[in-house]
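Q: Could we go through some local features of this structure together? I would like to begin with the helices and finish with a loop residue.

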Amino acid sequence: MSPGQSGSPACHGDATSLAEAVRHGEVTATALMQASIERAKADRFGSVCHLDADMGLQTARRFDEQLTQRNPQALSAPFAGLPFLAKDLGSAAGGLPVHAGSGAVKSRGLQSSGDSELFRRFRQAGLLPFGVTTAPEFGLALTSEPPGGPVARNPWNTSCSPGGSSGGAAAAVAAGVVAIAHATDAAGSIRVPAACCGLTGLKPSRGLVSSAPEFNNHLMGVTGELVLARSVRDVLAALLAVSGHARGPYGEVAMSGVPVRGARIGLVTTAPGGLAEEQAETLHQVRPQLGELGHAVIDLDPEPLDALASRCDRIIRTLLSVSLANWLDALQIGDAEVSAMAAAVAREGRAVPATVLFEASAEAARIAHRCWALFDEVDAVVLPMLAGPPPAIGSMPTDRNDPDALWQQMAEIAPRAALANVAGLPALSLPRGLDRSGLPLAIQLMGPIGADLLLLDIAGHLEAVQPPHFPFAIAGAEQ
């Protein structure tokens, strides 16, 4: 391995262990922040689109002072003083811009004056934002190549994408710029980059994580926000730190109990458009592992899931198209200021009648109801995350005027991903080693609303059987 690379399993190089080192005085938050800033400045993977070194260093120094003073909140923060990156889409961090990969939005000079509720909780958990990660223009791709750059590349292989729309976040974590980063998921946008980069990513249950006070990324409830990380325990700690009391449009979501053994797990080993050989092999290999962990594995008929997923893809297309049209019109952004693809999607959104949008909302409710029935039979489902290897750089160009091709390609890359979004289900991408060309493999776990802890429990046991490895050590943790 080259210098700076790591073959260590997650337990020796994740956010949780790094936070412990800060708490015990083995390293300071300031030293970690300086290392992250230097790694971000030298980044060759296009993961960071905005950097505020002064913000990062000031907050890190304050955190170190709080530790010196034995401040109880600092001492108990699960991610004590760790550098953190916000995504260029979704809930805002005070003082950092959210441009959604758009030069037109950037030209309007928009910047949040304060933290969203989510980032307030991230900070309470000890995470210190200092920059923004690359996202595709308006989140409209499963690659992360905004027209004005930078192009986010996969640290495992730079000819491949780290996925989208949280691709910059995934690249930053895999490249070790940070140990953990903010991510959002409206149609697989946490889970796809996790799978592309060998990380763990959870789209939480609907209503579990707040998008208050602006709800700019609410999208009629399909979006979930959390993190991308190097271990299941990091994701669990983040979920526990920021979830609950969402103060949003839904009642309080209760996370159900966690059976450690004996879960009924449905297994799906196919995809509607076909599944690459190594992705299929990975799913077959997980069967005996689940059995050895004490779970009952039940083969599921994929046809009902495929029918639901097809309906979800249509709903997501409607919601995202209408949302983009509303966004551009509110900011008075014309077609000439955005890519041909974004302009075409927005035109489609403007043409959607209110009755069609209303029916999409009603259809989403019916799909959620149908999913409750599915989980009467099983406690969780394991299914493909990606249909093949990570997409190539340039494979989702923004200069084409063809929304049909865009939505079809997204469904082919990440089959059934939108099901979790439309139905409000928790869904998790878990790394499962590397394929023969050295690219990450992954599986997806999905459960009923509130089953987030169950999915994380199952994933944690599987992670212990096959710990992940990463191409680079985390900045500041190389020793």
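This is a predicted model: local features need pLDDT of at least 70, side-chain atom pairs count only at pLDDT 80 or more; totals for chains, interfaces and linings use all residues.

Q: Take H11. How far apart are its end C-alpha atoms, and what span should the helix have?
A: Helix H11 covers residues 302-330, and its end C-alpha atoms are 41 Å apart. With 29 residues at 1.5 Å a residue, the helix should span 42 Å, so the two values agree.

Q: Which residue caps the N-terminal end of H11?
A: Asp301 does, with a side-chain oxygen 3.0 Å from the backbone nitrogen of Glu303. Just after H11, Gln332 takes a positive phi of about 55°.

Q: How do the axes of H11 and H12 cross?
A: They come within 7 Å and cross at roughly 100°. An angle of 65 to 115 degrees counts as roughly perpendicular, and H11 and H12 are therefore roughly perpendicular to each other.

Q: Which residues make that contact?
A: From H11, the residues are Arg317, Ser321, Val322, Leu324, Ala325, Leu328 and Asp329. H12 supplies Ala342, Val345, Ala346, Glu348, Gly349 and Arg350. By class, the contact of H11 with H12 has seven nonpolar, two polar and four charged residues.

Q: And H12 with H14, at what angle do those axes cross?
A: The axes of H12 (residues 340-350) and H14 (residues 403-413) cross at roughly 95° and come within 9 Å. H12 and H14 are therefore roughly perpendicular to each other. Met341, Ala344, Val345 and Glu348 in H12 meet Pro403, Leu406 and Trp407 in H14. That contact has six nonpolar residues, no polar ones and one charged residue.

Q: Moving to H10, which of its residues are buried?
A: Glu278, Gln279, Ala280, Thr282, Leu283, Val286, Gln289 and Leu290 are the buried residues of H10.

Q: What do they pack against?
A: The buried residues of H10 pack against strands S7 (264-267), S8 (296-299), S9 (380-384), S10 (427-434) and S11 (440-446), and against helix H16 (452-465). Just after H10, Gly294 takes a positive phi of about 95°.

Q: New topic: Asn154. Where does it lie?
A: Asn154 lies in the loop between strand S3 (127-133) and helix H7 (167-174).

Q: Is Asn154 buried or exposed?
A: Asn154 has a relative accessible area of 0%. Buried means under 20%, so Asn154 is buried.

Q: What is around it?
A: Beyond its neighbours within four places in sequence, Asn154 is in contact with Phe45, Cys160, Ser161, Pro162, Cys196, Cys197 and Pro390. A polar atom of the Asn154 side chain lies 3.1 Å from the backbone oxygen of Ser161.

How values were computed:
Residues are numbered from 1 along each chain as its sequence is written. Side-chain values use heavy atoms; hydrogens and water are left out. Helices (H or I, at least four residues) and strands (E, at least two) are DSSP runs, numbered from the N terminus. Buried means under 20% relative accessible area, exposed over 50%, partly exposed in between (1.4 Å probe, protein chains only). A polar contact is a pair of N or O atoms within 3.5 Å; within protein, one must be able to donate a hydrogen and the other to accept it, and residues adjacent in sequence count only if both atoms are side-chain atoms. Contact means heavy atoms within 4.5 Å. Axes are lines fitted to C-alpha atoms, for helices over the stretch in contact, and angles run from 0 to 180 degrees between N-to-C directions. Angles under 35 degrees count as roughly parallel, over 145 as roughly antiparallel, 65 to 115 as roughly perpendicular and the rest as oblique. Ala, Val, Leu, Ile, Met, Phe, Trp, Tyr, Cys and Pro count as nonpolar, Asp, Glu, Lys and Arg as charged, and the others, Gly among them, as polar. The expected span of a helix is 1.5 Å times one less than its number of residues.
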